[in-house]
Amino acid sequence: MMKALVIDDEPYAREELIDLLLDCGGVEIIGSGGNAIEGLKMINSLKPEVVFLDIQMPQITGIELLSMLDPDTMPKVVFVTAYDDYAIKAFEDNAFDYLLKPVEQARLQKTLTKLKRELRQPDYTPLLSEMLELIPCSGHHRILLLSPADIELAFSDLSGVHVVTKETRATTQLTLKILEEKTPLIRCHRQYLVHPQAIREIKLLENGLAEITTLHGQQVPVSRRYLKEIKDRFGLS
């Protein structure tokens, strides 16, 4: 059975697609959500094989959500849209396929047939390079959309991945790897990223270690592995 998520902000459209998928057979619906924030969280936690993703959603579109996924572990993504104009964009952004609303069962069956064939070929690796314009985060009972330019550092601990700005600290469903690849943040430690424009001091410690002080006084560790790269970046010997 193919494990699938359905993400669409229109409840009726979401339920209709789920019914069509179940009628086609061979698909297990492991979850559904009404926006990209819910979708990102479910993709990271449930690990679906395929996501049927609406494009036009509030705050974060389906195309923007696709760019936030780790290309090494992301599922197949089938865009669902009411507009032909999005079809070309879907393939430019490495979607597996697209379906036009209202979804026809015969067309859906063709997509499922292709999906089953592709899922038997584990070497498929989508390529995503688009930089993120906003970082979706949660904090203090609200959803935050933070600009990468405002983030001084990001770090991971047992409770997740966190980003820190001048004014707030928030948790994101994005991985450090995605933040490193798709924002200006650079690696300084296995568990830390820092924005190079936020660095105000690099204090050299014993054993080849260092500590960064950011523009607004955050202390960020630097491991031996990444110290040379950071020094080279600023032309330091």
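Two strands count as paired if DSSP finds at least two bridges between them. By that criterion β6 and strand β10 (residues 169–172) are antiparallel partners joined by two bridges. Helices (H or I, at least four residues) and strands (E, at least two) are DSSP runs, numbered from the N terminus. The protein has seven helices and 15 strands.

The model is predicted: local features need pLDDT of at least 70, side-chain atom pairs count only at pLDDT 80 or more, and totals for chains, interfaces and linings use all residues. Residues are numbered from 1 along each chain as its sequence is written, and side-chain values use heavy atoms, with hydrogens and water left out.

**Overall dimensions and surface**

- Along the principal axes, the C-alpha atoms of the protein fill a box of roughly 65 × 40 × 35 Å.
- Of the 237 residues in the protein, 46% are buried; buried means under 20% relative accessible area, exposed over 50%, and partly exposed in between (1.4 Å probe, protein chains only).
- The accessible surface is about 12,700 Å², and carbon and sulfur atoms contribute 49% of that surface. Accessible areas come from the Shrake-Rupley method with a 1.4 Å probe, and for residues only the protein chains shown count as cover.
- Among contacts with a separation of 6 or more, 55% are between residues 24 or more positions apart. Contact means heavy atoms within 4.5 Å.

**The seven-strand sheet**

- Seven strands form an open sheet with antiparallel pairing, in the order β7-β6-β10-β9-β8-β12-β11.
- Its edge strands are β7 (143–146) and β11 (186–189), each of which pairs on one side only.
- On average, neighbouring strands of this sheet are turned by 35° against each other, direction ignored. Axes are lines fitted to C-alpha atoms, for helices over the stretch in contact, and angles run from 0 to 180 degrees between N-to-C directions.
- Strand β6 (residues 135–138) runs antiparallel to β7 and is joined to β7 by four bridges.
- Across that pairing, Ile-135 is opposite Leu-146 in β7, and Pro-136 is opposite Leu-145 in β7.
- Towards β10, Ser-138 has Thr-171 as its bridge partner.

**Thr-165 in β9**

- Thr-165 belongs to strand β9 (residues 160–165).
- With a relative accessible area of 9%, Thr-165 is buried.
- Leaving out residues up to four places away in sequence, Thr-165 touches Leu-146, Asp-150, Ile-151 and Glu-152.
- Ala-149 is 16 residues from Thr-165 in sequence, and their C-alpha atoms are 9.2 Å apart in space.

- A three-strand open sheet has the order β13-β14-β15, with antiparallel pairing.
- β13 and β15 (219–222) are at the edges with a single partner strand each, so one side of each has no neighbour in the sheet.
- Neighbouring strands of this sheet are turned by 25° against each other on average, direction ignored.
- Five bridges connect β13 and β14 in the antiparallel sense, and Leu-204 has Ala-210 in β14 as its bridge partner.
- Helix α7 (residues 224–233) packs on the sheet and touches β13, β14 and β15, with its direction at about 105° to that of β15.

**Backbone exceptions**

- Most residues other than glycine have a negative phi, and most peptide bonds are trans.
- Lys-101 and Pro-102 are joined by a cis peptide bond with omega of about -10°. Pro-102 is in the loop between β5 (97–100) and α5 (105–119).
- Gln-59, which is not a glycine, has a positive phi of about 70°. Gln-59 lies in the loop between β3 (50–54) and α3 (62–67) and is exposed, with a relative accessible area of 56%.
- Asn-207 also has a positive phi, near 65°, in a residue other than glycine. Asn-207 is in the loop between β13 (199–204) and β14 (210–214), and at 58% relative accessibility Asn-207 counts as exposed.
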